[in-house]
Amino acid sequence: MAVSEPEFRRALSDFVFKIDQLGKSERWTLHKSELGICAKQSVMVKFRGEAVNRQVHITYNSTYSVPVLWFNFYRRDGTPLSTSEVLEMSNNEDSMDITQYISLNEHPILGVLFYNIHPCKTKDIMNELTGKGNYIAK
Amino acid sequence: MAGEFDYEVSRKLWEAAVPIEFQVDRDDESGDACKPSYAMLPRCGYFPLYLARVLEQVRAREDTIKLDAEKVWLESNGSPLKIYYPVGVLFDLHKPLDSPTMTVVIKTTPRPEGVLPVSKDAMEAMFMQSLKEANYLKRRKDEIVSSMKVDEHKQLWSSLVHDRFDDFWSVNRRLMESTEERPFHDIPIRLYVTGQPFRQMLQPPLDANGEQRTLSQALDSLSHDLLENNKYRFISHGITVPLETPLVYLGKNFAYPDNFVHICAVRNNSISN
């Protein structure tokens with residue numbers, strides 16, 4: 001399922017608006033710049049009994065014509081979780097093993113390293129997760 | 001001829017190395033200045049592959065230093081170094097015009113926000129992600145990279161790590177095949193400007209009239225702002241690339257081992273060549 005960039009922009013704006021309308025505490029915000037459009041979410045989650053900040057971003061990848069999910073986790077003092085800790089966080093009960101497709105890469109808007117799901121797998125993942133909600137939130 | 005593969009060019013680019021001056025920024029107040037260490041690093045390699053060896057070299061001369069590859073980070077010209085970029089890209093971006101070397105400071109203070117350590121395994125994963133993306137651009141399907149055996153993927157990375165040109169090209173040759181019957185769909189190009197994320201957009205090899213697109217046209221789409229007033233030169237592998245160079249030629253001959261053509265926008269000034 002390929003998505004053109006204009007379609008992505010409309011869908012992302014619509015997504016952020018609808019989530020906001022639901023009044024959920026886990027809000028997304030929309031950010032536009034010369035480098036592209038990005039939706040961001042920042043929430044606190046538990047990791048081994050400790051509160052950590054989870055950052056999730058959604059950008060568009062023009063090579064594969066798909067959204068890309070970027071994420072990172074930070075302790076209260078601002079230090080990021082290690083790779084093995086991030087992979088532990090990302091493991092879940094979905095039938096597909098996501099962790100083999102998780103890699104560090106440069107965030108196209110921030111220009112720093114974030115984890116992503118390899119965009120060439122996004123199509124498969126979107127199909128696999130239909131009806132299962134946002135696996136990043138798990 | 002414009003789209004031909006040139007063995008000599010590829011060999012020379014593979015063999016190119018750049019001189020790096022490493023300095024240690026000690027966090028103690030001893031006031032002792034460490035002597036710099038020098039290393040020639042391959043342009044096509046990555047700092048995470050060489051960091052442990054560089055630190056051993058520094059420790060061999062200054063045995064009072066505690067340097068842990070997991071804890072140090074690197075800085076150049078006052079900014080954290082993006083060690084996951086190829087060495088050649090970083091050198092082209094950061095080497096001062098008036099010096100033959102690029103200076104890299106080994107920092108032992110806590111990492112700045114946004115600077116993550118990069119292990120060799122993480123570097124390999126990033127390399128493979130770039131390689132797959134480059135070849136998806138060229139083929140629009142994962143037909144070649146996907147159909148390759150896993151050990152052929154491994155061979156590309158392993159050949160790079162161990163500096164084996166022939167082993168690398170025995171696999172990479174298939175990724176560089178492009179003919180009139182079966183041309184590249186898009187040319188994998190990334191443009192780098194200091195302090196910004198790299199820029200990347202789809203770059204077809206031919207324009208609407210079926211003519212070869214050139215570097216000038218790619219840059220116009222990627223960086224119209226940088227082309228104005230001749231403020232910048234565009235460098236790849238240390239060479240200011242002529243703007244009329246066809247993209248197909250660059251894609252076949254100037255790609256780094258991850259199969260991307262990495263172009264650096266470097267500010268012109270009165271000292272430039």
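Q: Let's start with one residue. Where in chain B does B:D186 lie?
A: This is a predicted model, by the way. B:D186 lies in the loop between α7 (165-175) and β6 (189-192) of chain B.

Q: Is B:D186 buried or exposed?
A: The idea is to look at relative accessible area, where under 20% means buried. B:D186 comes out at 3%, so this residue is buried.

Q: And which residues is B:D186 in contact with, leaving aside its neighbours within four places in sequence?
A: The list includes B:L137, B:K138 and B:R140, and also B:L202, B:Q203, B:P204 and B:P205. There is a polar contact too: the side chains of B:D186 and B:H185 are joined at 2.9 Å. For a sense of how the chain folds back, take B:L247, which is 61 residues from B:D186 in sequence but 9.4 Å away in space, C-alpha to C-alpha.

Q: How do I read a helix, say α4 of chain B?
A: Here's the general idea: an α-helix has 3.6 residues a turn, so residues three or four places apart point the same way. In this structure, α4(B) covers residues 120-139, which makes 20 residues. From first C-alpha to last, α4(B) reaches 28 Å, close to the 28 Å expected at 1.5 Å a residue. Just after α4(B) comes B:R140, with a positive phi of about 65 degrees.

Q: Why would I call α4(B) largely enclosed by the rest of the structure?
A: Because 16 of its 20 residues are buried.

Q: What does a salt bridge look like here, for instance between B:R199 and B:D225?
A: In general, side chains of opposite charge can pair when their charged atoms come close. The side chains of B:R199 and B:D225 do this at 3.3 Å, N to O. B:R199 sits in the loop between β6 and α8 (215-227) of chain B and B:D225 in helix α8, so the pair ties together parts 26 residues apart in sequence. B:R199 counts as buried at 14% relative accessibility, while B:D225 is partly exposed at 38%.

Q: Which parts of chain B does the salt bridge between B:R11 and B:D166 bring together?
A: The side chains of B:R11 and B:D166 meet at 3.9 Å, N to O. B:R11 is in helix α1 (residues 7-15) and B:D166 in helix α7, 155 residues apart. B:R11 counts as partly exposed at 25%, and B:D166 as exposed at 52%.

Q: How about chain A: how many helices and strands does it have?
A: Chain A has 3 helices and 6 strands. From the N terminus on, they run α-β-β-β-β-α-β-β-α. Of the 138 residues in chain A, 46% are buried.

Q: How do I read the place where chain A and chain B meet?
A: The contact takes 23 residues from chain A and 22 residues from chain B. About 1900 Å² is buried between chain A and chain B, and carbon and sulfur atoms give 55% of that. On the chain A side, A:T63, A:E106 and A:L113 lose the most area to chain B, together 33% of what that side buries.

Q: What about charged and polar links across that interface?
A: The rule finds 1 salt bridge between the chains. The side chains of A:E106 and B:K82 meet in a salt bridge at 3.1 Å, N to O. Between the two chains, 10 residue pairs are in polar contact. β5(A) gives the most to the side of chain A that touches chain B, with 4 residues.

Definitions and conventions:
Residues numbered from 1 in each chain as written. Chains lettered and ligands numbered in written order. Predicted model: local features only at pLDDT ≥ 70, side-chain atom pairs only at ≥ 80, totals over all residues. Heavy atoms only, no water. Helix = DSSP H or I, 4+ residues; strand = E, 2+ residues; numbered from the N terminus. Expected span 1.5 Å × (residues − 1). Buried < 20%, exposed > 50% of the residue type's maximum accessible area, 1.4 Å probe, protein only. Contact = heavy atoms within 4.5 Å. Buried area = accessible area lost by both parts, 1.4 Å probe. Salt bridge = Lys/Arg side-chain N within 4 Å of Asp/Glu carboxyl O. Polar contact = N/O pair within 3.5 Å; in protein donor to acceptor, adjacent residues only side chain to side chain.
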